[in-house]
Amino acid sequence: MSAIKVGIITVSDTASVDAAADRSGPTIQEIIQQRGHGCVRSTILPDDEQKIRETVKNWCYDVENTVDWIISTGGTGFGVRDRTPEAISPLLEREAAGIVHLLLAESLKRTPLAALSRPVAGTVGNTLIVTLPGSVKAVKENLEALFANGFIEHAIDLIRGGTGKQPRSILSHDPSLPVHARHRVSPYPQISLEDALNMIGNEIQPLGVISLPVTPALAGNILGEDVYAPQDVPSAKTTNVDGYALRSSDPPGTYKVLTSRTHALTDILPEGSIFRINTGGPLPEGTDAVIMVEDTELLSTVKDANGQDAEEKEVKTLTQVPPSDNTRAPGSDVHKGDLVLQRGEVLTGLGGEVGTLTFVGRKEVKVHRKPVVAILSTGNELLDLQSPNPLPNDGWGGIWDTNRPSLRAALEGMGYNVVDLGIVPDDINAHVKAIKQGLESADLLLTTGGTSMGAGDLLKPVIERQFGGTIHFGRVSMKPGKPTTFASIPTTQGEHERKFMFALPGNPASALVTFYIFVIPALRKLGGWPGERCHLPRVRVKLGDAMRLDPRVEFHRVIVKAGEEGLRATSTGGQRSSRVASLTGANGLVQLPRKKEGGPDKLEAGSYADAVIIGELQM
């Protein structure tokens, strides 16, 4: 769709006298322009109901200078002079209660005082009207909600008479143009962490179900069927101790010892005899109990040809055992037809689930296919540590590619098969070749570098322009990891009509943090994990160090230890995004909240925060 024509009305007695006092109007204009739309009208009005109504009415019906969307800021509260809703409501031909609900819901996430806001929204002719509060903070939050997932573009297209279907928009720069023509401001909206995670969860669907043999290699797969016991376990009466099978009516005394070599299980045990048995073994006919070895004495043995003791001959029982003592009845562990494992359960590497499948005699089981991951690094400056190719002699030796080894170690440690596509230079053809190879050989592509604003950052243009792909998000309001990109590329290869791709930042710490926050949930969703388990676990921790806050959500690398007072998190030191050492020994990521206007600039030591657990807890 074409750019939206926006009109901005600032309602403020103060700003109507001194325009320099208007901060919200310029903020709206800046955000509109960053989104690729245009501000065609703007004005500052006092809190005068008649003037506000007349201005909105004139703008809506001016056929020579049409406005698609009028945004007002200010005058929506309960102040004596707040009359913006009363000025605009009588003009609305179609009220948009859903937009009002969206704005209030977004604001209430931040403060309960948002309940005092009185926004209105609706259409006048072919113009959408939305009233926003007067504060810069509220304006930013509300516009972020309105632009999320293309909502406002969809609404304006419908109001214009369109179908609401959004053609695929290409926001990336054209790499064939000179360097000076590249974007100076990213055209990709910076979305919240929550919206980014929701988008990944909504877009990705699980891979199909396949049958695999029940072996330790199943670890990490998700069960694709309900598993029922095909027979009773145990199938016959068995013992749960080492000892001798006998009749519970047998009194203490001396008995002849029989074994599986001297007596068939199907034959009734003779009077005056006991049957030696090991844990888990079936009882012979005619017996109903087992006496433990500890409750017997050896009286005599059978000698071999050399006169050495070879076998027990007679044993004295020291006590009489009750019926069924030390035995397991048929089906006492599992009855035939019992549900032993449910579809969607994680077959962990701890052994319990694989052991259960073996226990009930399953040789094969249906599981969701585990995704294969293709990884590559981009950048002319990178060298492979194991097979370095010298860079052109410009006086600088380059840097080692840290991201592929670290990501591959993490992926393979989780049981994923990895296709290593190597280092890709900053060249369009090289990018196209590598991505094609990744699409052919893997279910998900994972790249690092090439996502920011440099002239050689080609991933977004290649995805959109060479592959007809969709950038679902290209920037996230988080630290580290702002340029993280999530995209899909149409393909005829694979189970679905498209394959997904994450382009992570090139700085090593950023790459690993965004891998744990975004890529793992995506891989788990592809692998059929239950929604509530796609994300790594979060715990509440007590901070051992003060941690500074940023206007963005920040993930601070920490070491989490369990002690008598609970979980304690200590910082790994400097948190610069290029400092991969900040993840050495780290087993957690403390999620620090955004720094709020007028709020504290750090969380003090001893305060509590949530942490994402990425490794084994320490003691």
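**Close-up views of a predicted model**

**View 1. Strands S3 and S6, side by side.** Strand S3 (residues 69-73) and strand S6 (residues 127-132) pair in the parallel sense, with five bridges between them. Strands here are DSSP runs of E with at least two residues, helices are runs of H or I with at least four, and both are numbered from the N terminus. Two strands count as paired if DSSP finds at least two bridges between them. This is a predicted model, where local features need pLDDT of at least 70 and side-chain atom pairs count only at pLDDT 80 or more, while totals for chains, interfaces and linings use all residues. Residues are numbered from 1 along each chain as its sequence is written, and side-chain values use heavy atoms, with hydrogens and water left out. Along this pairing, Thr73 stands opposite Leu132 in S6, and Ile70 has Ile129 as its bridge partner.

**View 2. The sheet around S6.** Zoom out a bit and you get six strands in an open, mixed sheet, ordered S2-S1-S3-S6-S5-S4. The edges are strand S2 (38-45) and strand S4 (94-95), each pairing on one side only. On the S5 side, strand S5 (residues 121-124) runs antiparallel to S6 and is joined to S6 by four bridges; Ala121 has Val130 as its bridge partner there. S5 and S6 make a hairpin with two residues between them, and Gly125 in that turn has a positive phi of about 65°.

**View 3. How enclosed is S6, and what lies across the sheet?** Six of the six residues of S6 are buried, so the strand is largely enclosed by the rest of the structure. (Buried means under 20% relative accessible area, exposed means over 50%, and partly exposed is in between, with a 1.4 Å probe and protein chains only.) Thr127, Ile129 and Thr131 point one way from S6, while Leu128, Val130 and Leu132 point the other way. Helix H2 (residues 24-34) lies across strand S1 (5-11), S2, S3 and S6, at about 145° to S3. Helix H6 (residues 136-147) lies across S3 and S6, at about 155° to S3. The angles, from 0 to 180 degrees, are between N-to-C directions of axes fitted to C-alpha atoms, for helices over the stretch in contact. Contact means heavy atoms within 4.5 Å.

View 4. Strand S29 (residues 485-490) and strand S30 (residues 498-504) are antiparallel partners over six bridges, with Phe486 opposite Phe502 in S30.

View 5. On a 1 Å grid over the protein atoms alone, a cavity is a set of points where a 1.4 Å probe fits but cannot get out, while a pocket is an open set with protein on both sides within 12 Å along at least five of seven lines; lining residues have an atom within 4 Å of a point. Grid points are joined across faces, edges and corners, and a volume is the space filled by probe spheres set on the points. Residues lining the largest cavity include Leu207, Asp443, His496 and Phe500, and S30 supplies the largest share of that lining, three residues. The second largest pocket holds about 580 Å³ of space. Of the 23 residues lining that pocket, Gly413, Met414, Arg524, Trp529 and Leu536 lie nearest its centre. Helix H13 (residues 508-526) gives the largest share of the pocket lining, three residues.

**View 6. Ala611 in strand S37.** Ala611 is in strand S37 (residues 608-613) and counts as buried because its relative accessibility is 0%. Its C-alpha atom is separated by 5.4 Å from that of Arg538, 73 residues apart along the chain. Leaving aside neighbours within four places in sequence, the contacts of Ala611 include Pro537, Arg538, Leu589 and Val590.
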